[in-house]
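Here is a short briefing for a first look. Keep the sequence and the structure open as you read.

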Amino acid sequence: MSNVLDKFIRATNYLSAAQIYLQDNFLLQEPLRSEHIKPRLLGHWGTCPGINFTYAHLNRAIIAHDLEMMFVLGPGHGFPAVQANLFLEGTLSKYYPSVPHTTQGIGQMAKQFSWPYGFPSHSNPEAPGVILEGGELGYALSTSYGAILDNPNLVVACLIGDGEAETGPTAAAWHINKLIDPGHNGAVLPILHLNGYKISGPTMFGRMTDEELTSLFYGYGYEPHIVDAYTEEDVHGRMMEVLDTAVEAIRFTQHCTREGTLHETPRWPMIILRSPKGWHSIDYIGDKKIEDNHYSHQVIADGAKHKESERAQLEAWLKSYKFEELFDGEKFDGDIQSLIPREGRKMGDNQHAFGGAPSYRPLNLPSVDDYACTALCSLTDPICGTESSMEKIGAYLRDTMRANEAERNLRLMSPDETYSNKLQAVFEYTKRTFVWPHKPWDKDLAWDGRVMEMLSEHSLQGLLQGYVLTGRHGVFASYEAFIQIVASMTDQYAKFLKIARDVKWRGTIASLNYILTSTGWRQEHNGFSHQNPGFIDGILQRQGCFTNVYFPADANTALMVFHRMLASTKEINVLVCGKRPLPIWRTLEEAKQDVAEGVSIWKFASDEDPHIVFAAAGDYPTLEALAAISLVRQRAPQIRIRFINITSLSALGIGHSSCQVLRHDFDYYFTEDKPVIINFHGYPQTIKQVLFDYGVDSRRFAIHGYEEAGSTTTPFDMMVRNRVDRFHLAMEAFARAAEHGVLKTEEAESLIREFEEQLATHQAYAKEYGDDPQEITNWVWESRS
Ligand SMILES: Cc1ncc(C[n+]2csc(CCOP(=O)(O)OP(=O)(O)O)c2C)c(N)n1
Ligand SMILES: [Mg+2]
């Protein structure tokens with residue numbers, strides 16, 4: 001078997017190197033000349049041999065144990081190795097008929113690698129079987145764990161770079177084993193690729209002793225197995241033995257749990273593969289140590305096109321694989337073919353990685369009508385008619401989980417915040433998954449729960465990506481301020497999605513859905529550190545028709561948004577709203593329309609032929625804008641006002657995604673020439689960028705939003721400090737009305753002075769009593785009869 005494995009690895013090593021260097025003479029049938037070498041050598045060699053070694057051994061294990069296995073590669077720069085294996089197993093030709101399993105196909109694959117309009121240099125969504133780019137390192141382990149949730153027969157072999165393992169996200173993700181119930185989930189087999197080096201120096205893990213490594217990973221809860229290519233006489237034998245042991249351990253743990261005979265904490269296997277970086281390549285170039293050193297990371301012998309000596313070294317190295325013994329120009333050696341798993345078992349063709357049926361099934365969504373709030377904002381009673389959007393969503397999520405119980409395809413990810421974000425209704429149906437020991441006083445914990453709680457946003461994001469990319473549904477609920485921790489991961493996901501959406505053999509997947517709550521406007525008790533509406537900016541920068549940011553103004557609208565998010569596919573959706581009770585402004589029917597259209601004129605707060613337009617995006621900003629309209633109407637009734645609510649912003653501007661921008665043209669809502677006062681949940685700059693493409697006269701727009709002002713203060717003072725409160729908005733309206741001759745200048749100045757005094761009085765009140773005046777807290781909308 002060692003000989004068979006060796007041949008397979010020689011073949012994939014050769015094919016990996018051929019991709020990096022060759023634009024011709026792909027089988028080295030002629031002496032290697034300069035013109036055979038690509039003009040721009042772009043790729044990474046050092047990690048490839050270890051990947052090829054691992055992939056070949058995994059193939060053997062798949063065949064021996066009839067495993068349903070997927071491969072997740074952490075260091076995505078090792079893509080030549082993945083591509084070589086996809087080619088060898090026939091998956092590449094299946095999805096790319098232009099790359100047949102022939103000499104010509106080898107040439108195509110090699111020439112097109114890292115070539116303009118060819119194959120990318122890193123793992124990518126256009127490669128079959130890939131669910132992680134691995135360009136930005138650190139996310140392989142959490143993504144792998146996401147893939148095996150609710151896939152009881154799946155094993156994900158996850159290869160983690162030892163440099164990658166230094167990242168915070170990977171460091172945290174080792175703990176995800178504590179959330180994996182072997183009864184209902186598959187297993188991740190982590191393989192730490194300990195090649196000792198990263199780009200330009202040694203790795204921390206590479207210089208740890210076996211004992212230190214074993215203790216570390218044992219402490220994380222794993223059973224570590226070291227395969228040391230430096231010391232093992234028979235490294236193939238050792239790797240086979242370790243893989244067999246690992247597979248048996250996984251199956252035993254799963255079997256016992258499923259039979260109800262495992263009661264202790266499960267201990268999953270993991271593998272530490274100690275092998276030289278750039279294994280089996282060039283020892284030295286001049287006096288520079290290449291193999292087993294960081295110099296093998298990228299292209300070695302990068303002067304080969306122009307320097308004869310390096311070309312000779314490159315040629316000798318490539319010839320050392322004796323590829324001609326492995327491929328006769330038509331077919332690969334029988335031993336190599338014997339190591340290719342049967343159809344349905346090839347790692348690159350694992351159907352979980354492709355979305356679509358049968359992995360993806362739409363959710364059974366309960367009717368939203370049953371959850372609608374019917375008491376609209378009352379004229380006199382400040383309490384009646386208020387509802388918490390989050391409590392509504394919690395109830396809806398609970399029942400959606402219940403409605404999909406048989407499918408087991410919906411999970412909530414939360415960094416320890418299900419309760420504090422008021423989504424705890426889900427615990428009437430499910431629990432937080434937690435497999436490590438429970439104490440009698442623990443609450444809402446179970447081995448098998450639909451809620452994944454871990455104080456590691458990176459881990460949750462990775463879990464969600466892995467879960468969604470393998471066809472299931474999930475929601476990530478976070479404090480708005482702290483979701484920024486994963487902004488870069490979301491960016492990377494958005495890149496993946498942007499490309500994946502156009503790959504025809506990738507099937508439907510659910511959208512990646514975020515609920516951002518505990519928003520900055522009600523962080524008066526936590527203060528400045530808990531205010532950060534920046535995440536939405538990143539989402540709105542994503543070009544394309546697949547990102548939405550929703551700002552539901554009340555619980556009915558929040559419900560409709562949430563329903564839309566769960567039903568949508570291949571998008572990134574962000575729902576932003578508070579968790580405390582707020583007035584209900586919209587019937588469910590109106591809310592439906594607001595969400596469908598993204599922007600709407602609220603008739604109850606609007607006059608015909610307005611002098612001024614107020615617009616708001618966000619629940620607290622909407623409330624303050626409506627309160628401002630009330631004030632203006634009381635003090636200057638001659639000013640006619642229109643109120644517009646913006647429920648959705650997307651990359652293309654105001655309105656809802658999929659490139660359907662607005663039902664009517666921009667001027668229909670915002671008029672051609674009237675002043676517009678926008679009260680926005682996030683940074684004013686965000687709205688400015690959205691407005692730019694509408695070609696508006698910016699002098700017409702006054703944009704109020706979060707101005708980075710905050711502290712431990714009262715809720716209303718938090719608004720005032722950022723000038724999004726009713727008084728600042730009303731003052732803005734008076735000033736604009738005066739500019740347009742709707743209000744006399746002296747009258748406007750007098751009103752502005754009066755409101756400034758009011759603000760000073762409120763501030764003094766807050767300082768003295770530590771709270772807001774009742775008339776602010778208990779304000780209710782009074783309609784004009
Ligand atoms: C988060 C992140 N930081 C930095 C980089 C730049 N980078 C690319 S490869 C690499 C070294 C990776 O080392 P390792 O994980 O050991 O990979 P291997 O040795 O298998 O090539 C670095 C730092 C990156 N891609 N992602
Ligand atoms: Mg490394």
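Strand β23 covers residues 676–680, and five of its five residues are buried. This is a predicted model.

- V676, I678 and F680 point one way from β23. I677 and N679 point the other way. Residues on both sides are buried.
- In a regular strand, side chains alternate between the two faces of the sheet.
- β19 pairs with β23 over five bridges, in the parallel sense. In this pairing, V613 stands opposite V676.
- β23 also runs parallel to strand β24 (residues 701–704), and four bridges join the two. Here V676 stands opposite F701 in β24.
- From β23 the chain passes through helix α21 (residues 684–692) to β24. This β-α-β crossover is right-handed.

- Strand β5 spans residues 268–274. It is mostly covered, with seven of its seven residues buried.
- W268, M270, I272 and R274 point one way from β5, while P269, I271 and L273 point the other way. All of them are buried.
- Strand β3 (residues 187–194) runs parallel to β5, joined by four bridges. I191 has I271 in β5 as its bridge partner.
- Strand β4 (residues 222–228) also runs parallel to β5, joined by seven bridges. Y222 stands opposite W268 in β5.
- Helix α9 (residues 235–259) sits in a right-handed β-α-β unit with β4 and β5.

**The magnesium ion (ligand 2)**

- Which residues coordinate the magnesium ion? They are D162 through OD, N195 through OD1 and Y197 through O. The distances run from 2.0 to 2.2 Å.
- Along the chain, these donors follow the spacing D-x32-N-x1-Y.
- Is N195 buried or exposed? N195 has a relative accessible area of 4%, under the 20% cut-off, so it counts as buried.
- Y197 is buried too, because its relative accessible area is 14%.

**Ligand 1**

- Around ligand 1 there are 17 residues. T47, H77, G135, D162 and K277 come nearest.
- A polar backbone atom of G135 is 2.7 Å from a nitrogen atom of ligand 1.
- N195 has a side-chain N or O atom 3.1 Å from an oxygen atom of ligand 1.
- Y197 has a backbone N or O atom 2.8 Å from an oxygen atom of ligand 1.
- D162 is a magnesium donor and is listed among the residues that come nearest to ligand 1. N195 is a magnesium donor and has the side-chain approach to ligand 1. Y197 is a magnesium donor and has the backbone approach to ligand 1.

**Helix α5**

- Helix α5 covers residues 103–112. Its buried residues include G105, I106, G107, M109 and A110.
- What covers the buried residues of α5? The cover includes α1 (2–21), α3 (79–88), α4 (91–95) and α11 (323–326).
- At the start of α5, T102 has a side-chain oxygen within 3.2 Å of the backbone nitrogen of Q104.
- S114 follows α5, and its phi is positive, near 50 degrees.

**H611**

- Where is H611? H611 is in the loop between β18 (599–601) and β19 (612–617).
- H611 has a relative accessible area of 17%, so it is buried.
- H611 touches Q638, I639, R640, K674, P675 and V742, leaving out residues up to four places away in sequence.

**G653**

- G653 lies in strand β22 (residues 653–654).
- Its relative accessible area is 1%, so G653 is buried.
- G653 touches V690 and Y694, again leaving out residues up to four places away in sequence.
- How far apart are G653 and R207, C-alpha to C-alpha? G653 and R207 are 51 Å apart in space and 446 residues apart in sequence.

Notes. Residues numbered from 1 in each chain as written. Chains lettered and ligands numbered in written order. Predicted model: local features only at pLDDT ≥ 70, side-chain atom pairs only at ≥ 80, totals over all residues. Heavy atoms only, no water. Buried < 20%, exposed > 50% of the residue type's maximum accessible area, 1.4 Å probe, protein only. Contact = heavy atoms within 4.5 Å. Donors = N, O, S within 2.8 Å, 3.2 Å for Na, K, Ca; no water. Pairing = 2+ DSSP bridges. Right-handed = clockwise from strand over helix to strand, strands pointing away. Near = heavy atom within 4 Å. Polar contact = N/O pair within 3.5 Å; in protein donor to acceptor, adjacent residues only side chain to side chain.
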